[in-house]
Amino acid sequence: RGTWKVVCECGYTRQQHLEEATRPHTLQGKDWDPKKHVQEMPTDAFGDIVFTGLGQKGKYVRLSQDTPSSVIYHLMTQYWGLDVPNLLISVTGGAKDFNMKPRLKSIFRRGLVKVAQTTGAWIITGGSHTGVMKQVGEAVRDFTLSSSYNEGEVVTVGIATWGTVHNREGLVHPSVSSGSFPAEYIMDEEGQGHLTCLDSNHSHFILVDDGTHGRYGVEIPLRTKLEKFISEQTKEKGGVAIKIPVVCVVLEGGPGTLHTIYNAITNGTPCVVVEGSGRVADVIAQVAGLPTGEITIARIQQALSVFFREMFETLPESSVVEWTKKVNIVRRRQLLTVFREGKDGQQDVDVAILQALLKASRSHDYFGHENWDHQLKLAVAWNRVDIARSEIFSDERQWKPSELHPVMMAALISNKPEFVKLFLENGVRLKEFVTWDTLLHLYQHLDPSCLFHSKLQKVLAEEPERLRSLYKRSSGHVAFTMDPVRDLLIWAIVQNRRELAEIIWAQVTGSVSQHAWLRVGQRWGSSQGGNVARKPSANSRWKRGARVFTECHRKDEERAQKLLTRVSEAWGRTTCLQLALKAEDMKFVSHGGIQAFLTKVWWGQLCVDNGLWRVILCMVAFPLLYTGLITFRCQRCRVLQATKGLLRVRAFFNAPVVIFHLNILSYFAFLCLFAYVLMVDFQPTPSWCEYLIYFWLFSLVCEELRQVALLYFSDFWNKLDIGAILLFAAGLRLLYPGRVILSLDFIMFCLRLMHIFTVSKTLGPKIIIVKRMMKDVFFFLFLLAVWVVSFGVAKQAILIHNESRVDWIFRGVIYQSYLTIFGQMPAYIDGRTGGLDQCSPNGTDPYKPKCPESDAIRHEPAFPEWLTVILLCLYLLFTNILLLNLLIAMFNYTFQQVQEHTDQIWKFQRHDLIEEYHGRPPAPPPFILLSHLHLFIKRVVLKIPAKRHKQLNQAEKNEEAALLSWEIYLKENYLQNQQYQQKQRPEQQIQDIRDK
C-alpha cells in the first residue's frame with residue numbers, strides 16, 4: 001500500500017478510496033471487513049439509461065446489497081410504473097457465451113417471450129451481455145422488432161453487480177438528488193476485460209453495490225430475497241386473488257447454476273431445465289430421465305464426467321460429493337420439469353413453464369378442490385386458455401357450474417372472452433350466474449376509462465337506489481324482473497367489449513333483437529373515441545346477427561318478418577326493427593328481407609305486383625275496384641261479393657301507397673291554389689280561394705299537431721313544416737308586405753316536395769346527395785365571402801369618394817362583386833367606360849350610383865385605373881378559377897362518397913316515409929279534418945285509449961315460443977357452419993400448424 005497503484009482487498013486502488021480510508025493509522029493492522037470498512041451513502045446513480053449508438057432505453061438504479069426487498073419492489077411498481085406481475089420468471093445458467101442448436105435457440109426465445117407477453121410476467125436475469133442473459137436479451141429484441149405497439153412491452157429486469165459493470169462511470173451523476181435523465185452508457189465489449197457490459201435489450205437494471213470491484217456474485221443474495229418477497233405478494237383482479245408464482249428457467253450453467261437449482265427446489269420453487277443447452281442443464285435432464293430406482297451416485301457421477309470432462313477430473317472428492325448431492329435433488333419430480341425438444345408432447349418452452357407451475361401447485365400447499373381451483377386461478381391470471389383446456393379441464397376433474405362462478409367473474413372483469421367461452425362450454429349457465437349481487441359487482445368494477453363509468457357514478461351519487469330499483473327482492477332471494485342475460489349483455493356493450501358481447505349474444509334467445517343492441521353498442525363505442533378503428537375480423541363478427549336473419553329469411557320469409565315485429569319484453573317492449581333504426585344500422589335495414597317487409601307494409605292489403613298505374617286509375621275512378629283491376633293479398637278481399645264491396649274500398653284506401661299518392665295530389669292542388677292566389681287573386685278582402693287556402697292550411701296544422709311527439713323536432717322535414725306554417729301566419733293580411741312574406745313561404749312549401757320524392761328509387765338517392773352537398777356549399781360560401789368582401793370594399797373605396805347611401809354601398813361592395821363572378825363587369829372599373837347618364841355626380845339621384853372620382857381639369861379618373869384592373873384580374877383568378885373549381889372538387893368528392901352508400905341510405909330513410917303514411921289517416925287534406933274530428937271524439941269525448949302493443953294470449957305465447965325455438969335452431973346451425981368454415985380456411989390451418 002505504499003503507492004497509489006496498490007489494489008485494496010475491495011478491488012479498488014488507493015486513489016479511488018476516500019481520504020479518511022487512506023490515512024495510515026486508520027485501518028492499520030486490521031483485517032478487511034466489508035461491513036466495517038465500506039461506508040454507505042445516498043445513491044448517485046439512478047434514472048434513465050440510453051445505450052449510445054443502439055437507441056434502446058431503460059431505467060436503472062444503484063443500491064446497497066442490504067437494501068430491503070420491500071423498498072426495491074415499491075420502486076419498481078410505483079416509481080418505474082411497472083404493473084404487478086402475474087408471474088415471475090427467473091432465468092439462470094451459464095454466465096459465459098455458449099453454443100445452442102439453432103432450432104433449440106429459436107424455440108427457447110419464442111417460448112420465453114410468449115409466456116412473458118401473454119401472462120404479464122417479469123423476467124429476471126443477471127443483466128449482462130453474456131451467456132444466458134444475452135440469450136434472453138436477444139429474445140426480447142426479436143419480439144420488439146416483430147411485434148406491434150398494441151402487444152405491449154416485455155419487462156426484463158437485470159440484477160447485476162455494480163463492481164463488475166464496465167463503463168459504469170457514465171451512470172454516476174454528480175448531483176445525488178437529481179439523477180440522470182438520461183445517462184448515456186457505452187457498450188465496449190472489446191475493452192471490457194474481466195468486467196462485463198450491460199445488455200441493451202433489458203428494460204430495467206438493479207445494480208447491487210457492496211463496495212467491491214470485479215467481484216462477481218454479489219447480487220445473488222439480494223436477487224434471492226427479492227424473488228422470495230415478490231412471490232409472497234398477492235395480486236387481486238376481478239375478485240380473484242393469487243400469490244405471484246415464481247419459476248426458475250435453466251440454460252447450460254456450471255457449479256453456481258447447480259447451487260441455484262438446488263436452493264430453488266429446496267425452497268419449493270419449480271424449475272424448468274432446457275435439455276440440449278449444455279453442462280448442468282444436460283446433467284439434470286439426463287438424470288431426471290431415469291426411473292427413480294436407477295438414480296444412483298454412480299450414474300450421477302458418470303453424467304457429470306461426460307458433460308464436465310476435464311473440470312470433473314480435477315475436482316476434489318468433497319466437491320464431487322457436494323455436486324452429487326445437489327444433482328440428487330431431481331428426485332423431487334414435482335418441482336422439476338425438463339423441456340425436451342419435440343418430446344413428451346411439448347411444443348414450446350412457454351407450455352413447459354406453465355405446466356411446471358401447475359405441477360408445482362399440486363404440492364402439499366393445496367388439496368382436492370382447493371388445488372384445482374388454485375390452478376384455474378393461475379390460468380385465468382395468465383390468460384392462457386390453452387393451458388386450462390389441456391391441464392385443468394380434463395377427465396381427472398369434473399367441475400360443478402357453481403365452482404366456476406368466481407373465475408367466471410374474474411374473466412368478465414378482466415375482459416378475457418376465451419375463458420368466458422370455456423366456462424360456458426363446461427356448464428356455467430348465465431341465468432344462474434347472473435344475480436343482483438353479480439351485476440352490482442360487475443358495475444362496481446367498470447373500466448375507469450369507460451365513458452359509462454363516469455355517467456353511472458354521477459347517477460348513483462344523486463340516486464343511490466336507482467340501479468337497485470330495476471330489480472325486486474322476494475323472501476330473501478334476489479330475482480330479476482326481466483332477463484338477467486340481457487343485463488349482462490348491456491354491461492358488455494356499455495364497455496365496448498365486442499367479443500364478450502358476441503359470446504353472450506350466442507347464448508340467448510331473440511338473437512336478431514340482440515344483434516340490434518350490439519349495433520347500438522357499436523355506436524356507443526365509437527362515440528367514446530376508443531377502438532373506433534375496428535379490425536376487419538371484429539367488424540365481421542358484428543354481422544352475425546344480420547346473417548342469422550338472412551338464414552331465417554331464406555328458410556321462411558313469413559316467420560322471418562314476424563321476428564322483425566315481435567315485441568320483446570326484455571328490451572323495453574320494442575321490436576327488432578325499432579332497435580335497428582335506433583342504432584342507425586343501415587346495412588341491416590337495407591337487407592332484402594326487411595325491404596320486402598317494408599314493401600309489404602307499403603302496399604297494405606294490396607298485392608305488391610299491382611302496377612302503379614292501376615292504383616292511380618282506381619284512385620280517380622274507385623268503382624274500378626269492383627272489376628278486379630286491383631288484386632289483394634287478403635283472402636277475404638279476394639272472395640268478396642259485389643254486395644260486400646265496401647270492404648274492398650276500405651282496404652284499398654287504407655293502403656299507405658294509396659294514402660301517399662292521394663296526399664301528393666292534394667299537395668299539388670294546394671300549391672297550385674296558393675300560386676293562383678299570390679299571382680292573380682290577392683285582394684284587400686280575402687276571396688273564397690284565399691279562404692280555401694286558410695282552411696287547407698288549418699288541416700295541415702291539425703295533422704302536424706297529431707304527429708307531434710318526443711322526436712318530432714329531430715326530423716328536418718318537420719322543422720321545415722313548422723317554419724312554413726309560422727311564416728304563413730306572419731304574412732296574413734299585411735297587403736303588400738304580406739304578399740312578399742307569403743311568396744317566400746311558397747318557396748318553403750315547394751321545398752317540401754323533396755321529401756315526397758324520397759320514396760322514388762331514382763330521385764331518392766339524388767336528394768340525399770343534394771342534402772350532403774348543401775354542407776359543402778356552406779363552407780364554400782364562407783371562403784367566397786372573404787374574397788367578395790375584400791375586393792368589394794377595396795373597389796368601392798378606390799372608385800367612389802364618400803358614398804353615404806347604405807343601399808348603394810351594399811350594391812357596390814357585395815352585389816356588384818358577386819355578379820362579377822358570372823361575367824357582369826362593374827362600370828368605371830378601368831376609367832374608360834360609363835358616362836354621366838349612368839351615374840349621379842353628387843350621389844343625389846336615388847336610382848343611380850355615385851360617379852367615380854375624377855379630375856375636373858384633365859377630365860381623367862382621379863384613381864389609378866391600372867390598380868383596379870389588377871385587382872379585378874386577381875379577383876377573377878381566385879374566384880372563377882380557384883374557388884369554383886374547389887367547389888366542383890368538393891361536390892365530386894361528396895358524390896363519390898355518398899354514391900357508394902346511397903342505396904343503403906335511401907332504403908334506411910324509406911322506412912320513415914312508410915311509417916309516416918302507415919299511421920296517417922286515409923283522407924288527404926283538407927278532408928283529413930274529418931279523420932281528426934273522429935279521433936278527437938274517440939280520445940277526448942268517449943275516452944277510448946289508443947291501441948298499444950296488445951298482450952299475447954296463450955295461443956300467441958305458444959306461437960312466440962315456437963318462433964324463438966326456430967330462430968335458435970337456425971342460429972346454432974349458422975354458428976356451427978361458421979366454425980367449420982373458419983377451420984377450413986388456409987390461414988387458420990396454417991395458424992393451427994404453427995401453434996402445434
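Reply:

**The pair of helix 7 and helix 8**

Helix 7 (residues 279–288) and helix 8 (residues 297–308) pack with their axes 9 Å apart and at an angle of about 150°. Here helices (H or I, at least four residues) and strands (E, at least two) are DSSP runs, numbered from the N terminus, while axes are lines fitted to C-alpha atoms, for helices over the stretch in contact, with angles from 0 to 180 degrees between N-to-C directions. Helix 7 is therefore roughly antiparallel to helix 8, a label that applies to angles over 145 degrees, whereas those under 35 count as roughly parallel, 65 to 115 as roughly perpendicular and the rest as oblique.

On the side of helix 7, the contact involves R279, V280, D282, V283, Q286 and V287, and on the side of helix 8 it involves I300, A303, L304, F307 and F308. Contact means heavy atoms within 4.5 Å. These residues comprise eight nonpolar, one polar and two charged, where Ala, Val, Leu, Ile, Met, Phe, Trp, Tyr, Cys and Pro count as nonpolar, Asp, Glu, Lys and Arg as charged, and the others, Gly among them, as polar.

The model is predicted: local features need pLDDT of at least 70 and side-chain atom pairs count only at pLDDT 80 or more, whereas totals for chains, interfaces and linings use all residues. Residues are numbered from 1 along each chain as its sequence is written, and side-chain values use heavy atoms, with hydrogens and water left out.

R279, found in helix 7, has a positive phi near 45° although it is a residue other than glycine. Most residues other than glycine have a negative phi. R279 counts as partly exposed because its relative accessibility is 30%; buried means under 20% relative accessible area, exposed over 50%, and partly exposed in between (1.4 Å probe, protein chains only). N167, which is not a glycine, likewise has a positive phi, of about 60°. N167 lies in the loop between strand 5 (155–161) and strand 6 (180–185) and is partly exposed, with a relative accessible area of 25%.

P270 belongs to the loop between helix 6 (255–266) and strand 11 (271–274). With a relative accessible area of 4%, P270 is buried. Leaving out residues up to four places away in sequence, P270 touches V246, V247, C248, L335, A356, L357 and A360. P270 and I353 are 83 residues apart in sequence, yet their C-alpha atoms are 8.9 Å apart in space.

Another loop residue, T130, sits between strand 4 (121–125) and helix 4 (131–146). T130 is buried, at a relative accessible area of 12%, and, neighbours within four places in sequence aside, is in contact with A95 and D97.

A further loop, between helix 39 (902–918) and helix 40 (928–941), holds P926. The peptide bond from P925 to P926 is cis, with omega near 0°.
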